[in-house]
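Visitor: I am new to this structure and would like to understand the words used for it. Please show it to me, and then let us go through the terms one by one.

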Amino acid sequence: MSSLSETEISNKKLAAGLTGIFLGAFGVHKFILGYTKPAVIMLVVSLLTCGVGYFVFQVIGIVEGVIYLTKSNAEFETEYLDGQKDWF
């Protein structure tokens, strides 16, 4: 179990959710959660595929952002902070 307070978990969930929705193609939400490898993959593919990868990863980012925001703080902490669930 992480040592974060309820407020810190809520702030991290909100930041990851909103950046997933608005900057999802660049993997910013993954960086916020500490998932460096998936974040770098999203960033590099989005930049190097002339827009095709950007569109795909933006849709994934929106879906992940909505998922983050609809989870309770306890579920978010268990799945994404403690469990290190990289995708969805």
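Guide: Let us begin with exposure: a residue is called buried under 20% relative accessible area, exposed over 50%, and partly exposed in between, with a 1.4 Å probe and protein chains only. The model is a predicted one, in which local features need pLDDT of at least 70 and side-chain atom pairs count only at pLDDT 80 or more, while totals for chains, interfaces and linings use all residues. Residues are numbered from 1 along each chain as its sequence is written, and side-chain values use heavy atoms, with hydrogens and water left out.

Visitor: Why is F26 called partly exposed?

Guide: F26 has a relative accessible area of 29%, and since the middle class lies between 20% and 50%, F26 is therefore partly exposed. Y54, at 34% relative accessibility, counts as partly exposed by that rule.

Visitor: What makes F26 and Y54 an aromatic pair, and what makes the pair tilted?

Guide: A pair of aromatic rings is described by the distance of the centres and the angle of the planes. Rings of Phe, Tyr and Trp (its six-membered ring) pair if their centres lie within 6.5 Å, and planes under 30 degrees apart count as stacked, over 60 as edge-to-face and the rest as tilted. For F26 and Y54 the centres are 5.5 Å apart and the planes stand at 55°, so the rings pair and the pair falls into the tilted class. F26 sits in the loop between α1 (6–23) and α2 (28–33), while Y54 belongs to helix α4 (residues 52–70), so that this pair, 28 residues apart, links distant parts of the chain.

Visitor: Why is the pair of F76 and Y80 called tilted?

Guide: The ring centres of F76 and Y80 are 5.6 Å apart and their planes meet at 40°, so this pair is tilted. F76 and Y80 are four residues apart in helix α5 (residues 73–82), which means that about one helical turn separates them. F76 has a relative accessible area of 0% and is buried, and Y80, with a relative accessible area of 0%, is buried too. The structure holds four aromatic pairs, and ring pairs link Y68, F76 and Y80 into a cluster.

Visitor: How do you know how many helices and strands the chain has?

Guide: Helices (H or I, at least four residues) and strands (E, at least two) are DSSP runs, numbered from the N terminus. By that rule the chain has five helices and zero strands, and it reads α-α-α-α-α along the sequence.

Visitor: What makes the chain as compact as a globular protein of its length?

Guide: The radius of gyration is taken over C-alpha atoms, and the globule rule is 2.2 Å times the number of residues to the power 0.38. The chain has a radius of gyration of 13 Å, close to the 12 Å that the rule gives for 88 residues, so it is as compact as a globular protein of that length. Along the principal axes, its C-alpha atoms fill a box of roughly 40 × 20 × 15 Å. Buried residues make up 35% of the 88 residues.

Visitor: Why does E64 count as buried, and which residues is E64 in contact with?

Guide: E64, found in helix α4, has 0% relative accessibility and therefore counts as buried. Contact means heavy atoms within 4.5 Å, and E64, leaving aside its neighbours within four places in sequence, is in contact with H29, K30, D86, W87 and F88.

Visitor: What makes Q58 and S46 buried?

Guide: Q58 stands at 13% relative accessibility and S46 at 6%, so both count as buried. Q58 lies in helix α4 and S46 in helix α3 (residues 36–48), and their C-alpha atoms, twelve residues apart along the chain, are separated by 8.8 Å. S46 also has its C-alpha atom 6.6 Å from that of F26, 20 residues apart along the chain. Not counting residues up to four places away in sequence, Q58 touches G20, I21, F22, L23, G24 and A25.
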